[in-house]
Amino acid sequence: MTLKRLFIQNLRNLEGVDITPSLQVNLIYGENGSGKTSVLEAINLLALGRSFRSHKHKPLINHQQSSFTVFGRVHTDDESDVPIGISRHMDGEASFKANGVLVPSAADLAAYLPVQVINSDTFLLLEGSPKVRRQFIDWLVFHVEPNFFPAWKAIQRCLKHRNSLLRRDRIDPFELAPWDKELVDLTNKIHEFRTQCMAHFNETFAVLLKEFINIDGIALGYYRGWDKDKAYTDVLADSLERDKRQGYTHAGSHRADLKITVNGLDAAEVLSRGQQKLLVCALKIAQGYVFTRITGRKSIYLVDDLPAELDEKHRALLVHWLDTMNTQVFITGVDSETLLSSWRDKTKITPKMFHVEQGRVTEVVNSSVIAQ
Ligand SMILES: Nc1ncnc2c1ncn2[C@@H]1O[C@H](COP(=O)(O)OP(=O)(O)OP(=O)(O)O)[C@@H](O)[C@H]1O
Ligand SMILES: [Mg+2]
């Protein structure tokens, strides 16, 4: 998958952007506040329907306008072109389009544009909440297993119903039983999907870990969300009284996590900030590799402010692996020379350069501006 064309209207300070990215490497530079991260945010919106910076839609819409639109032309791995688009209005109304027709949700766009983001928030993967790591696992599961998302949606619905029953003063066991049965079936299904993906992932991650951070004793474990020695149906029965007291379902696939440890201790508490970043880079690159190995497709990498996040040596390492993956990347930074030097001499690829200035994005060739 590659993004052949990107059109942005009224997203933050980007009032009208129309660019034709390189299918390989795109370097986006400009002063602080010029709009670089917003360009990546636009691609992320197209891919996932949501921003990586805000859960709200209003901050995304240009202050002078009442809606934003992002449109992209995706070149798929079977060599066809698919136009996809998203727009959001002040009043919250959202519309998603793929191939010229409205689709119900952002999830319907997600399959067209598998995107990996590396930014300062990504580096909090280790110390953030389990939800962040669950989303990390589920990115892969979503993209490789078509039955995962329907099961995931169904389990959210099921948990909502079960939790509302748990909060009643009196619970009729006959009313709870069908929800429990459905919950057990879906939970086991989701756990099975995740287990299969994690087996592939662990293999690749072990190789990349040695490249990025060669420290003994690093282990990656998948926690399913309940005691691994017990059947989920027994766990539900055992925790019923507690679930009732607190009004929610304690154990289950909605509590899954990745446990990353160094000699048995939490990696976030042992590794230096720099080592944590390298570990996260290894996780992110492994994710893309496994995705490609299983599906034969490629994901797009968005790397925000690369020079600010990694020193020169480790920048070169990340660039080396992105280059080896031969996938489309968008990388931002304040200084063009620093960005360019990360690629020059290290790869055979000539990146496309884009300069961002007060919300205007222009392609630069041999230091001359050729397009708006
Ligand atoms: N809703 C909005 N309408 C108009 N402008 C906005 C809106 N939201 C943010 N901005 C402005 O848009 C600009 C884009 O910010 P962005 O984070 O993309 O810049 P950046 O180039 O990544 O900067 P930095 O190098 O500091 O990370 C900022 O100047 C910000 O103040
Ligand atoms: Mg930025």
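**The largest pocket**

Modeller: The lining of the largest pocket divides into 18 nonpolar, 15 polar and 8 charged residues (Asp, Glu, Lys and Arg count as charged; Ala, Val, Leu, Ile, Met, Phe, Trp, Tyr, Cys and Pro as nonpolar; the others, Gly among them, as polar). The model is predicted: local features need pLDDT of at least 70 and side-chain atom pairs 80 or more, while totals for linings use all residues. Residues are numbered from 1 along each chain, chains are lettered from A, and hydrogens and water are left out of side-chain values.

The lining has 41 residues, with Leu-48, Arg-50, Lys-131, Gln-135 and Phe-136 nearest the pocket's centre. A pocket is an open set of points on a 1 Å grid where a 1.4 Å probe fits, with protein on both sides within 12 Å along at least five of seven lines; lining residues have an atom within 4 Å of a point. The space inside is about 1,400 Å³, counted as that filled by probe spheres set on the points.

Two or more lining residues come from each of α1 (36–48), α2 (107–110), β8 (115–118), α3 (130–144), α4 (148–166), α5 and α9 (273–295). Helices have at least four residues and strands at least two, as DSSP runs. Helix α3 gives the largest share, 9 residues.

Helix α5 (residues 173–212) also lies across strands β9 and β10, at about 170 degrees to β9 (contact: heavy atoms within 4.5 Å; angles from 0 to 180 degrees between N-to-C directions of axes fitted to C-alpha atoms). Those strands belong to an open antiparallel sheet, β9-β10-β11, where pairing takes at least two bridges found by DSSP. Strands β9 (218–223) and β11 (265–266) each have a single partner, so one side of each has no neighbour in the sheet.
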